[in-house]
Amino acid sequence: MSIEPVDALRRIAFLLERQRESTYRVEAYREAAAEILPLGEDEVRQRVQAGTLRDLPGIGASTSEVIEQAVAGHVPDKLAELEEKTGGPLVTGGEDLRATLRGDLHTHSNWSDGGSPIEEMVASAIELGHDYLALTDHSPRLKIANGLTAARLTRQLGVVDAVNAHLGKRFRLLKGIEVDILDDGTLDQQPELLSQLDVRVASVHSKLAMASPAMTRRMLAAVRNPATNILGHCTGRMVMPRAGDKARGGKTRPQSTFDARAVFEACVESSTAVEINCRPERQDPPSDLLALAIELGCLFAIDTDAHAPGQLDFLAYGCARAEEAGVPVERIVNTWSLEELLVWANPAAAS
(Lines give C-alpha, C1' and ligand atoms only; values in the text may rest on other atoms or scores of the structure.)
Protein backbone atom coordinates (compact mmCIF):
# COMPACT_ATOMS: atom_id res chain seq x y z
CA MET A 1 0.00 0.00 0.00
CA SER A 2 1.26 3.48 -0.86
CA ILE A 3 0.00 7.00 -0.33
CA GLU A 4 0.90 10.34 -1.88
CA PRO A 5 2.89 12.65 0.45
CA VAL A 6 0.26 15.42 0.38
CA ASP A 7 -2.50 12.93 1.20
CA ALA A 8 -0.43 11.46 4.04
CA LEU A 9 0.20 14.88 5.58
CA ARG A 10 -3.48 15.89 5.31
CA ARG A 11 -4.64 12.58 6.77
CA ILE A 12 -2.30 12.93 9.75
CA ALA A 13 -3.66 16.43 10.39
CA PHE A 14 -7.24 15.18 10.08
CA LEU A 15 -6.71 12.36 12.58
CA LEU A 16 -5.03 14.70 15.07
CA GLU A 17 -7.91 17.18 14.76
CA ARG A 18 -10.65 14.59 15.26
CA GLN A 19 -8.92 13.69 18.54
CA ARG A 20 -9.19 17.34 19.66
CA GLU A 21 -5.48 18.12 19.44
CA SER A 22 -4.68 21.82 19.62
CA THR A 23 -4.56 23.57 16.28
CA TYR A 24 -0.91 24.60 16.64
CA ARG A 25 0.12 20.93 16.90
CA VAL A 26 -1.59 20.19 13.60
CA GLU A 27 -0.52 23.24 11.60
CA ALA A 28 2.89 21.82 10.70
CA TYR A 29 1.34 18.96 8.71
CA ARG A 30 -1.16 21.13 6.86
CA GLU A 31 1.49 23.77 6.12
CA ALA A 32 3.86 21.11 4.79
CA ALA A 33 1.11 19.73 2.54
CA ALA A 34 0.42 23.22 1.19
CA GLU A 35 4.15 23.77 0.60
CA ILE A 36 4.76 20.68 -1.52
CA LEU A 37 1.40 20.58 -3.35
CA PRO A 38 2.43 23.06 -6.09
CA LEU A 39 5.80 21.37 -6.65
CA GLY A 40 4.54 18.21 -8.29
CA GLU A 41 5.64 14.62 -7.68
CA ASP A 42 8.88 14.81 -9.67
CA GLU A 43 10.34 17.80 -7.83
CA VAL A 44 9.35 16.37 -4.43
CA ARG A 45 11.06 13.09 -5.33
CA GLN A 46 14.16 14.92 -6.57
CA ARG A 47 14.38 16.89 -3.34
CA VAL A 48 14.08 13.72 -1.29
CA GLN A 49 16.89 12.13 -3.29
CA ALA A 50 19.06 15.26 -3.04
CA GLY A 51 18.38 15.76 0.65
CA THR A 52 17.06 19.30 0.10
CA LEU A 53 13.52 18.77 1.29
CA ARG A 54 14.09 20.66 4.53
CA ASP A 55 15.34 23.68 2.61
CA LEU A 56 11.68 24.40 1.89
CA PRO A 57 9.84 26.73 4.30
CA GLY A 58 7.74 24.89 6.84
CA ILE A 59 9.30 21.46 6.29
CA GLY A 60 10.81 20.14 9.51
CA ALA A 61 12.06 16.84 10.84
CA SER A 62 8.63 15.25 11.42
CA THR A 63 7.04 16.36 8.16
CA SER A 64 10.09 15.53 6.05
CA GLU A 65 10.10 12.01 7.48
CA VAL A 66 6.46 11.59 6.46
CA ILE A 67 7.21 12.84 2.94
CA GLU A 68 10.30 10.67 2.54
CA GLN A 69 8.51 7.50 3.64
CA ALA A 70 5.57 8.23 1.33
CA VAL A 71 7.87 8.88 -1.64
CA ALA A 72 9.56 5.54 -0.92
CA GLY A 73 6.19 3.84 -1.32
CA HIS A 74 5.58 3.17 2.37
CA VAL A 75 2.78 4.24 4.68
CA PRO A 76 4.53 6.76 6.95
CA ASP A 77 5.10 5.53 10.50
CA LYS A 78 3.27 8.51 11.98
CA LEU A 79 0.21 7.85 9.85
CA ALA A 80 0.19 4.12 10.59
CA GLU A 81 0.41 4.82 14.32
CA LEU A 82 -2.47 7.29 14.24
CA GLU A 83 -4.66 5.04 12.09
CA GLU A 84 -4.18 2.21 14.56
CA LYS A 85 -4.84 4.31 17.64
CA THR A 86 -7.43 6.81 16.48
CA GLY A 87 -8.62 5.92 12.98
CA GLY A 88 -11.61 3.88 14.07
CA PRO A 89 -15.13 5.07 14.99
CA LEU A 90 -15.23 7.91 17.49
CA VAL A 91 -18.27 6.48 19.25
CA THR A 92 -20.60 3.48 19.09
CA GLY A 93 -24.16 4.17 17.96
CA GLY A 94 -25.80 6.62 15.60
CA GLU A 95 -24.32 5.12 12.44
CA ASP A 96 -27.67 4.81 10.64
CA LEU A 97 -28.58 8.39 11.51
CA ARG A 98 -25.16 9.63 10.39
CA ALA A 99 -25.77 8.04 7.00
CA THR A 100 -28.88 10.21 6.53
CA LEU A 101 -27.14 13.55 7.15
CA ARG A 102 -26.54 15.63 4.03
CA GLY A 103 -24.28 18.25 5.57
CA ASP A 104 -23.17 20.36 8.50
CA LEU A 105 -24.62 23.78 9.38
CA HIS A 106 -22.15 25.17 11.95
CA THR A 107 -18.43 25.38 11.06
CA HIS A 108 -15.58 27.88 11.35
CA SER A 109 -12.59 28.78 9.19
CA ASN A 110 -9.43 30.80 9.81
CA TRP A 111 -11.42 33.91 8.93
CA SER A 112 -12.51 33.86 12.59
CA ASP A 113 -11.21 31.37 15.18
CA GLY A 114 -10.93 28.24 13.05
CA GLY A 115 -7.57 26.75 12.21
CA SER A 116 -7.82 26.14 8.46
CA PRO A 117 -8.67 27.98 5.24
CA ILE A 118 -12.17 27.74 3.79
CA GLU A 119 -10.92 25.57 0.93
CA GLU A 120 -9.49 22.97 3.32
CA MET A 121 -12.77 22.77 5.25
CA VAL A 122 -14.62 22.28 1.97
CA ALA A 123 -12.22 19.59 0.73
CA SER A 124 -12.66 17.59 3.94
CA ALA A 125 -16.45 17.97 3.85
CA ILE A 126 -16.51 16.58 0.31
CA GLU A 127 -14.28 13.67 1.36
CA LEU A 128 -16.74 12.90 4.19
CA GLY A 129 -19.59 12.69 1.68
CA HIS A 130 -21.40 15.94 2.48
CA ASP A 131 -23.69 17.58 -0.07
CA TYR A 132 -23.36 20.97 1.63
CA LEU A 133 -21.51 22.78 4.38
CA ALA A 134 -22.43 26.06 6.06
CA LEU A 135 -19.56 28.43 6.77
CA THR A 136 -20.58 30.17 10.00
CA ASP A 137 -17.72 32.31 11.25
CA HIS A 138 -18.31 34.57 14.23
CA SER A 139 -19.90 38.02 14.25
CA PRO A 140 -18.14 41.33 15.18
CA ARG A 141 -18.79 41.44 18.93
CA LEU A 142 -16.79 38.27 19.58
CA LYS A 143 -13.44 40.00 19.15
CA ILE A 144 -11.57 37.24 20.98
CA ALA A 145 -12.61 34.94 18.13
CA ASN A 146 -11.74 37.49 15.41
CA GLY A 147 -15.42 37.98 14.60
CA LEU A 148 -16.20 39.28 11.12
CA THR A 149 -17.09 42.93 10.67
CA ALA A 150 -19.68 43.76 8.05
CA ALA A 151 -16.88 44.56 5.59
CA ARG A 152 -15.02 41.29 6.21
CA LEU A 153 -18.23 39.25 5.98
CA THR A 154 -19.00 40.93 2.66
CA ARG A 155 -15.55 39.94 1.38
CA GLN A 156 -16.07 36.39 2.60
CA LEU A 157 -19.32 36.11 0.65
CA GLY A 158 -17.34 36.80 -2.49
CA VAL A 159 -14.93 34.00 -1.61
CA VAL A 160 -17.86 31.62 -1.10
CA ASP A 161 -19.21 32.54 -4.54
CA ALA A 162 -15.80 31.79 -6.05
CA VAL A 163 -15.58 28.41 -4.29
CA ASN A 164 -19.04 27.43 -5.50
CA ALA A 165 -18.28 28.55 -9.05
CA HIS A 166 -15.23 26.27 -9.01
CA LEU A 167 -17.10 23.28 -7.57
CA GLY A 168 -20.14 23.46 -9.82
CA LYS A 169 -23.19 21.43 -8.80
CA ARG A 170 -21.47 18.58 -6.95
CA PHE A 171 -21.27 20.44 -3.63
CA ARG A 172 -22.57 23.70 -2.13
CA LEU A 173 -20.79 25.90 0.38
CA LEU A 174 -23.54 27.81 2.16
CA LYS A 175 -23.18 31.43 3.17
CA GLY A 176 -23.69 31.57 6.91
CA ILE A 177 -22.80 33.09 10.25
CA GLU A 178 -22.72 32.23 13.92
CA VAL A 179 -24.20 35.49 15.09
CA ASP A 180 -23.98 36.57 18.71
CA ILE A 181 -27.21 37.05 20.62
CA LEU A 182 -26.70 40.41 22.29
CA ASP A 183 -27.85 41.22 25.82
CA ASP A 184 -31.26 42.44 24.65
CA GLY A 185 -31.79 39.53 22.23
CA THR A 186 -30.90 41.39 19.04
CA LEU A 187 -28.46 39.84 16.58
CA ASP A 188 -24.89 41.08 16.18
CA GLN A 189 -24.85 41.89 12.46
CA GLN A 190 -26.54 44.26 10.03
CA PRO A 191 -30.02 42.97 9.03
CA GLU A 192 -29.36 43.62 5.35
CA LEU A 193 -26.26 41.40 5.51
CA LEU A 194 -28.08 38.67 7.43
CA SER A 195 -30.69 38.64 4.67
CA GLN A 196 -27.98 37.75 2.12
CA LEU A 197 -27.03 34.55 3.95
CA ASP A 198 -28.29 31.01 3.46
CA VAL A 199 -28.13 29.92 7.11
CA ARG A 200 -27.88 31.80 10.41
CA VAL A 201 -26.93 30.18 13.74
CA ALA A 202 -27.67 32.44 16.72
CA SER A 203 -25.72 31.75 19.94
CA VAL A 204 -25.11 33.30 23.34
CA HIS A 205 -21.40 33.80 24.07
CA SER A 206 -21.43 36.49 26.77
CA LYS A 207 -22.97 36.97 30.22
CA LEU A 208 -23.78 33.28 30.38
CA ALA A 209 -24.58 33.60 34.10
CA MET A 210 -27.35 36.12 33.42
CA ALA A 211 -30.40 35.69 35.68
CA SER A 212 -32.93 33.23 34.28
CA PRO A 213 -35.75 35.74 33.53
CA ALA A 214 -33.39 38.04 31.62
CA MET A 215 -31.74 35.15 29.77
CA THR A 216 -35.17 33.82 28.82
CA ARG A 217 -36.23 37.20 27.38
CA ARG A 218 -32.92 37.43 25.54
CA MET A 219 -33.27 33.99 23.94
CA LEU A 220 -36.96 34.43 23.12
CA ALA A 221 -36.20 37.61 21.21
CA ALA A 222 -33.46 35.86 19.25
CA VAL A 223 -35.38 32.72 18.27
CA ARG A 224 -38.38 34.81 17.24
CA ASN A 225 -36.22 36.96 14.98
CA PRO A 226 -37.08 35.91 11.40
CA ALA A 227 -33.37 35.87 10.54
CA THR A 228 -32.59 33.12 13.07
CA ASN A 229 -32.59 29.57 11.72
CA ILE A 230 -30.77 27.65 14.44
CA LEU A 231 -30.36 28.21 18.17
CA GLY A 232 -26.71 27.31 18.78
CA HIS A 233 -25.39 25.44 21.89
CA CYS A 234 -28.33 26.71 23.93
CA THR A 235 -26.96 26.38 27.49
CA GLY A 236 -23.34 27.36 26.75
CA ARG A 237 -22.06 24.69 29.10
CA MET A 238 -18.62 23.03 28.99
CA VAL A 239 -18.59 19.55 30.47
CA MET A 240 -14.87 19.00 29.92
CA PRO A 241 -11.92 21.28 29.15
CA ARG A 242 -11.43 22.30 25.57
CA ALA A 243 -8.46 20.73 23.82
CA GLY A 244 -5.21 22.47 24.70
CA ASP A 245 -7.01 24.73 27.17
CA LYS A 246 -4.15 24.91 29.66
CA ALA A 247 -4.10 28.71 29.52
CA ARG A 248 -7.58 28.72 31.01
CA GLY A 249 -6.70 26.15 33.62
CA GLY A 250 -8.71 23.41 31.92
CA LYS A 251 -11.96 24.72 33.33
CA THR A 252 -15.47 23.45 32.77
CA ARG A 253 -18.49 25.77 32.74
CA PRO A 254 -21.99 25.37 34.17
CA GLN A 255 -25.00 25.76 31.92
CA SER A 256 -27.00 28.94 31.65
CA THR A 257 -30.44 28.94 33.25
CA PHE A 258 -33.57 29.95 31.35
CA ASP A 259 -37.17 28.85 30.88
CA ALA A 260 -36.45 26.05 28.42
CA ARG A 261 -40.11 25.24 27.83
CA ALA A 262 -40.86 28.82 26.81
CA VAL A 263 -37.77 29.03 24.58
CA PHE A 264 -38.42 25.70 22.87
CA GLU A 265 -42.10 26.51 22.35
CA ALA A 266 -40.98 29.72 20.65
CA CYS A 267 -38.62 27.64 18.50
CA VAL A 268 -41.55 25.47 17.40
CA GLU A 269 -43.69 28.52 16.61
CA SER A 270 -40.93 30.18 14.57
CA SER A 271 -39.54 26.97 12.97
CA THR A 272 -36.16 27.66 14.58
CA ALA A 273 -34.10 24.49 14.94
CA VAL A 274 -32.44 23.58 18.23
CA GLU A 275 -28.82 22.67 17.67
CA ILE A 276 -27.48 19.36 18.92
CA ASN A 277 -23.89 20.54 19.26
CA CYS A 278 -21.51 17.67 18.57
CA ARG A 279 -18.43 19.00 20.33
CA PRO A 280 -17.45 16.54 23.10
CA GLU A 281 -16.80 19.40 25.52
CA ARG A 282 -20.29 20.85 25.00
CA GLN A 283 -22.81 17.97 24.62
CA ASP A 284 -25.43 20.69 24.38
CA PRO A 285 -28.35 20.60 25.03
CA PRO A 286 -28.18 18.40 28.11
CA SER A 287 -30.23 15.19 27.98
CA ASP A 288 -33.19 16.56 29.95
CA LEU A 289 -33.50 19.61 27.72
CA LEU A 290 -33.07 17.51 24.61
CA ALA A 291 -35.96 15.30 25.76
CA LEU A 292 -38.10 18.39 26.37
CA ALA A 293 -37.34 19.78 22.92
CA ILE A 294 -38.32 16.45 21.35
CA GLU A 295 -41.57 16.38 23.36
CA LEU A 296 -42.51 19.91 22.30
CA GLY A 297 -41.98 19.21 18.61
CA CYS A 298 -38.80 21.18 17.88
CA LEU A 299 -36.79 20.92 14.72
CA PHE A 300 -33.11 20.02 15.21
CA ALA A 301 -29.75 20.57 13.52
CA ILE A 302 -26.91 18.16 14.32
CA ASP A 303 -23.84 20.37 13.93
CA THR A 304 -20.15 19.89 14.63
CA ASP A 305 -19.20 23.49 15.45
CA ALA A 306 -15.95 22.38 13.77
CA HIS A 307 -12.94 24.67 14.03
CA ALA A 308 -10.69 22.35 11.98
CA PRO A 309 -11.27 19.85 9.16
CA GLY A 310 -10.84 16.76 11.32
CA GLN A 311 -13.54 18.02 13.66
CA LEU A 312 -16.10 17.63 10.88
CA ASP A 313 -16.10 13.98 11.97
CA PHE A 314 -17.67 15.05 15.28
CA LEU A 315 -21.07 14.43 13.67
CA ALA A 316 -20.70 10.91 15.05
CA TYR A 317 -21.02 12.20 18.62
CA GLY A 318 -24.18 14.18 17.90
CA CYS A 319 -25.78 11.34 15.96
CA ALA A 320 -25.16 8.90 18.81
CA ARG A 321 -26.83 11.30 21.27
CA ALA A 322 -29.73 12.04 18.94
CA GLU A 323 -30.37 8.36 18.23
CA GLU A 324 -30.25 7.46 21.92
CA ALA A 325 -32.69 10.27 22.73
CA GLY A 326 -35.07 9.27 19.95
CA VAL A 327 -34.92 12.45 17.85
CA PRO A 328 -37.24 11.91 14.85
CA VAL A 329 -35.10 11.84 11.71
CA GLU A 330 -37.60 13.87 9.71
CA ARG A 331 -37.21 16.76 12.17
CA ILE A 332 -33.42 17.00 11.67
CA VAL A 333 -32.98 19.76 9.11
CA ASN A 334 -29.59 18.64 7.82
CA THR A 335 -31.08 15.34 6.68
CA TRP A 336 -33.05 17.42 4.17
CA SER A 337 -32.04 18.06 0.59
CA LEU A 338 -30.33 21.34 -0.21
CA GLU A 339 -33.50 22.64 -1.85
CA GLU A 340 -35.68 21.79 1.17
CA LEU A 341 -33.14 23.27 3.54
CA LEU A 342 -32.91 26.59 1.71
CA VAL A 343 -36.71 26.97 1.49
CA TRP A 344 -36.95 26.41 5.26
CA ALA A 345 -34.09 28.78 6.06
CA ASN A 346 -35.29 31.56 3.73
CA PRO A 347 -39.07 31.23 3.31
CA ALA A 348 -39.52 34.84 2.20
CA ALA A 349 -37.10 34.35 -0.69
CA ALA A 350 -38.87 31.16 -1.74
CA SER A 351 -42.36 32.70 -1.79
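**Reading salt bridges, burial and charge**

Guide: Glutamate 81 counts as partly exposed because its relative accessibility is 38%. Please keep in mind throughout that this is a predicted model.

Visitor: With which residue does glutamate 81 form a salt bridge?

Guide: The general idea is that side chains of opposite charge can pair when their charged atoms come close. In this case the partner of glutamate 81 is lysine 85, and the closest N and O atoms are 3.2 Å apart. Both residues belong to helix 5 (residues 77–86), where a spacing of four residues corresponds to about one turn of the helix. Lysine 85 is exposed, its relative accessible area being 64%.

Visitor: How many salt bridges does the structure hold?

Guide: The structure holds 17 salt bridges. One of them joins lysine 207 to aspartate 183, at 2.8 Å from N to O. This pair links distant parts of the chain, 24 residues apart: lysine 207 is in the loop between strand 4 (199–203) and helix 10, and aspartate 183 is in the loop between strand 3 (172–180) and helix 9 (191–194).

Visitor: Are lysine 207 and aspartate 183 buried, partly exposed or exposed?

Guide: Lysine 207 is exposed, at a relative accessible area of 53%, whereas aspartate 183 is partly exposed, at 29% relative accessibility.

Visitor: Which salt bridge does arginine 218 form?

Guide: Arginine 218 forms a salt bridge with aspartate 183, with 3.7 Å between the closest N and O atoms. Arginine 218 lies in helix 10 and aspartate 183 in the loop between strand 3 and helix 9, so this pair ties together parts that are 35 residues apart in sequence. Arginine 218 is buried, with a relative accessible area of 0%.

Visitor: Which residues are linked in a network of salt bridges?

Guide: The network of salt bridges links Arg10, Glu17, Arg30, Glu120 and Glu127.

Visitor: Where do Glu4, Asp7, Glu41 and Asp42 gather?

Guide: These four residues, Glu4, Asp7, Glu41 and Asp42, form a patch of negative charge on the surface. Glutamate 41 is part of helix 3 (residues 41–50) and counts as exposed because its relative accessibility is 58%.

Visitor: Let us turn to rings. How many aromatic pairs does the structure hold?

Guide: There are two aromatic pairs in the structure. One of them is edge-to-face, between tryptophan 336 and tryptophan 344, with 6.0 Å from centre to centre and 90° between the planes. Both tryptophan 336 and tryptophan 344 are buried.

Methods:
Residues numbered from 1 in each chain as written. Predicted model: local features only at pLDDT ≥ 70, side-chain atom pairs only at ≥ 80, totals over all residues. Heavy atoms only, no water. Phe/Tyr/Trp six-rings, centres within 6.5 Å; stacked < 30°, edge-to-face > 60°. Buried < 20%, exposed > 50% of the residue type's maximum accessible area, 1.4 Å probe, protein only. Patch = residues over 30% accessible without salt bridge, like charges linked within 9 Å, V, L, I, M, F, W, Y side chains within 5 Å. Areas by Shrake-Rupley, 256 points an atom, 1.4 Å probe, with all protein chains shown as cover. Salt bridge = Lys/Arg side-chain N within 4 Å of Asp/Glu carboxyl O. Lys, Arg positive; Asp, Glu negative; His and termini not counted. Charge placed at Lys NZ, Arg CZ, Asp CG, Glu CD. Helix = DSSP H or I, 4+ residues; strand = E, 2+ residues; numbered from the N terminus.
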